[in-house]
Amino acid sequence: MAEDRIGWGEAERAEIANHANNGSWTLIDRSHVPAGRSIVRLIWVYKRKRSGALKARLCVQGCAQVRGVDFDQTFCATMRPTSLRALAAIANSAGMRMRRWDFVAAYLQGELEQDEVVYCHAPP
């Protein structure tokens with residue numbers, strides 16, 4: 001189990017590095033948070049992949065957010081099962097093989113709108 005603890009620590013450092021490379025946040029003083037806005041906590045979510053790789057995700061504790069104040073929409077880009085079947089049928093008819101991909105930190109590529117800001121505590 002000691003190697004798992006080391007592995008989880010490495011996964012956390014990799015996640016923090018992904019956020020730093022993408023410029024996910026700007027540190028500000030607590031006094032600059034507008035009145036009425038909440039400061040949400042960040043939590044770690046851990047997952048052991050099928051390959052045995054350890055993944056750590058730094059997530060906003062969404063249950064502490066208020067719709068219309070902290071956010072106004074949610075979105076997750078995923079493929080519909082019917083689209084996947086159509087793509088598989090096209091690939092099969094063309095004699096192609098399909099592979100799967102694991103995009104590292106793909107969820108960090110989204111852009112907030114100009115005036116959209118999420119205030120959260122510094123990473124744990």
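The count of disulfides in this structure comes to 0, where a disulfide is a pair of cysteine sulfur atoms within 2.5 Å. The model is predicted, so local features need pLDDT of at least 70 and side-chain atom pairs count only at pLDDT 80 or more, while totals for chains, interfaces and linings use all residues. Residues are numbered from 1 along each chain as its sequence is written, and side-chain values use heavy atoms, with hydrogens and water left out.

**Cysteines**

- In general, a disulfide is a covalent bond between the sulfur atoms of two cysteines.
- Cys 59 is partly exposed because its relative accessibility is 26%; partly exposed lies between buried, under 20% relative accessible area, and exposed, over 50% (1.4 Å probe, protein chains only).
- Cys 120 also counts as partly exposed, because its relative accessible area is 32%.

**Overall layout**

- The protein chain holds 2 helices and 2 strands; helices (H or I, at least four residues) and strands (E, at least two) are DSSP runs, numbered from the N terminus.
- Read from the N terminus, the order of elements is α-β-β-α.
- Of the 124 residues in the protein chain, 16% are buried.
- The accessible surface of the protein chain is about 10300 Å², and carbon and sulfur atoms contribute 54% of this area; the areas come from the Shrake-Rupley method with a 1.4 Å probe, and for residues only the protein chains shown count as cover.
- Among contacts in the protein chain with a separation of 6 or more, 65% join residues 24 or more positions apart; a contact means heavy atoms within 4.5 Å.

**The strand pair**

- Strand 1 and strand 2 run antiparallel and are joined by 7 bridges; two strands pair if DSSP finds at least two bridges between them.

**The nonpolar core**

- The largest nonpolar core has 5 residues: Ala 11, Leu 42, Trp 44, Ala 56 and Leu 58. Such a core is a set of buried Ala, Val, Leu, Ile, Met, Phe, Trp, Tyr and Cys residues joined through side-chain atoms within 4.5 Å.
- Strand 1 (42-48) and strand 2 (54-60) are the elements that give two or more residues to this core.
- Leaving out residues up to four places away in sequence, Ala 56 touches Ala 11, Glu 12, Glu 15, Trp 44, Val 45 and Tyr 46.

**Helix 2**

- Helix 2 (residues 81-93) has 13 residues and should span 18 Å at 1.5 Å a residue, which agrees with the 18 Å between its end C-alpha atoms; the expected span is 1.5 Å times one less than the number of residues.
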